[in-house]
Amino acid sequence: MFFSTLRWFFMPSFFIQQFGCRATQADGAALERQLLDRGCTSAATPASADIVVINSCTVTASADAQARDAIRKLNAANPAVRIIATGCYAQRAPEELAALPGVSWVVGNSHKPQIPQLLDALSAAAPAVSSNDFVPAAALYSDSTVPFHSFVGAPAAAGASNSRGNILIGDIFEQRTLLSAPVLGGESNHTRPTLKIQDGCDSRCSYCVIPFVRGKSRSLPPGTVIHEIHRLSESGYREIVLSGINLGTYGRDLSPRVEFEDLLRRILDETAVERLRISSIEPLDVTQDLVNLFAGTDRIAQHFHMPLQSASDRILAAMHRWYRAEHYARRVELIHARLPHAAIGADVITGFPGESEADHAATLAFIESLPFTYLHVFSFSKRPGTKAATLSNEVPGSIIKRRARELRALGESKAAAFRQSQLGRTLRVLTLRREDPAEGLETDTTPALSSNYLKVLANGSHPANNCLDVLISAATGTTLVGEPILSCSANSVSPR
């Protein structure tokens, strides 16, 4: 039986397993809040949950494989657990996920906001529903505000090798609203919550499948953003991360149009948030006004993550990127001139079809010449439905691996040099949740994160969500060591 216990019927427990970017994590956080508000309980582990939500990513083939592997492991460890697969992979290829053992439902991004309603409806029908029963979509979503597109299949007998999960998916390009903004989520046990203020993308980079699974660019109204940041600040959070799929396009779909810089100014003027951090932003959206805004306050983290992908103009054109290497370099130089200690990170794709050794060498030389502080390196992954997937001049896998190693080595060298440049400086850091001592963390230090995105071990034992000024005295591995000088914990409120 789907509902095998009264405990499941009255108070189902859930576990959300996250994959992918901050926007996906924010989606999971919103879902977590919605389920908790409905009286569900959060399980500590997947094994102890009645239902597990796999919140998937599909940016690469590896991301797809991770989701499938997680589902197989969950089912093998506990065949009774009910699995809901959702997220970008679910939107792109629902049939693939529905065919996996243990998957009860596949819910696309188009219908992700209604997963709590799905649980409500199934719970209400518990006495009459078994694993063999077909529940019509119309019965579950007669009041749905998301256009219904398709509903496929019904599960076979529990444990049957050919069982298939139900599929609930709609046309993502008809999606006009965002999920409700989350108050839970973020890294280090919710120390730094992620607030998604934008979703979707109107660009069509030739390698990227995300616009087809996220839909058109759409923005959370500024009043809602302000309200959520007020609520998060009042709950005691000191740093809030603003995220989106194409964050710099925030507000262009609103009427009247809202500029991203104007939203940031409103947040600084109208809320008490101590630090904002901006997630990935496209290079052409990094304007002089935006950099000046960052430089004019200590309440915005000195951290820019700008996707580069390649420094070969020929490859950038094939990727359908809207800039060339010189445009990107100007942004990096502008940031470094105004904020010489800012973190500047980039995504780089190696092995795009047709990429030559000269193209790869141009990317290496470009990165070497500029003050990058870290890199995220990706091997090209053919994504179904994208223009790049149709290109025939593929780069051999062995060459891609070698180029990726070279890029990662360069990124590590850049990161090490940046850490060394911080020795003797005083950094404002936010303390994070202490790890289990068994994992190797010294008991007399506390992990923390600086404004310029550096991992710091602050000497002494400090509660999470405490801001400290620390004097950086050493670098060990990928972490800096700092001696606390000043704490602002007197007004600290512990976030829930």
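**Terms and their grounds**

Tutor: The model is a predicted one. We begin with Gln 309, which counts as buried at 7% relative accessibility.

Student: What makes Gln 309 count as buried?
Tutor: Buried means under 20% relative accessible area. Gln 309 has 7% relative accessibility, so it counts as buried. Gln 309 is placed in the loop between strand 13 (303-305) and helix 13.

Student: What is noted about the phi of Gln 309?
Tutor: Phi of Gln 309 is near 75°, a positive value in a residue other than glycine. Most residues other than glycine have a negative phi.

Student: Why is His 320 called partly exposed?
Tutor: Partly exposed lies between the limits of under 20% for buried and over 50% for exposed. The relative accessible area of His 320 is 32%, and therefore His 320 is partly exposed. His 320 is found in the loop between helix 13 and helix 14. Its phi is positive, about 65°, although His 320 is not a glycine.

Student: Why does Trp 322 count as exposed?
Tutor: The term exposed requires over 50% relative accessible area. Trp 322 has 66% relative accessibility, so it counts as exposed. Trp 322 lies in the loop between helix 13 (313-318) and helix 14 (325-338).

Student: Which residues does Trp 322 touch, not counting residues up to four places away in sequence?
Tutor: Trp 322 touches Ser 203 and Leu 284 on that count.

Student: Why is Asp 199 called buried?
Tutor: The cut-off is under 20% relative accessible area. Asp 199 has a relative accessible area of 5%, so Asp 199 is buried. Asp 199 belongs to strand 9 (residues 198-199).

Student: What makes the pairing of the side chains of Asp 199 and Arg 214 a polar contact?
Tutor: A polar contact needs a pair of N or O atoms within 3.5 Å, one able to donate a hydrogen and the other to accept it. The contact joining the side chains of Asp 199 and Arg 214 is 3.2 Å. The side chain of Asp 199 also makes a polar contact of 2.9 Å with the side chain of Lys 196.

Student: Which residues of helix 10 are buried, and why are they said to line one face of the helix?
Tutor: The buried residues are Pro 222, Val 225, Ile 226, Glu 228, Ile 229, Leu 232 and Ser 233. Seen down the axis of helix 10, these buried residues fall within an arc of 165°, so they line one face. Their cover includes helix 2 (22-37), strand 8 (194-196) and helix 11 (260-270).

Student: How do strand 14 and strand 15 pair?
Tutor: Strand 14 (residues 343-350) and strand 15 (residues 374-379) pair in the parallel sense over six bridges. The requirement for pairing is at least two bridges.

Conventions:
Residues are numbered from 1 along each chain as its sequence is written. This is a predicted model: local features need pLDDT of at least 70, side-chain atom pairs count only at pLDDT 80 or more; totals for chains, interfaces and linings use all residues. Side-chain values use heavy atoms; hydrogens and water are left out. Helices (H or I, at least four residues) and strands (E, at least two) are DSSP runs, numbered from the N terminus. Buried means under 20% relative accessible area, exposed over 50%, partly exposed in between (1.4 Å probe, protein chains only). The arc is that of the directions from the helix axis to the C-beta atoms. Contact means heavy atoms within 4.5 Å.
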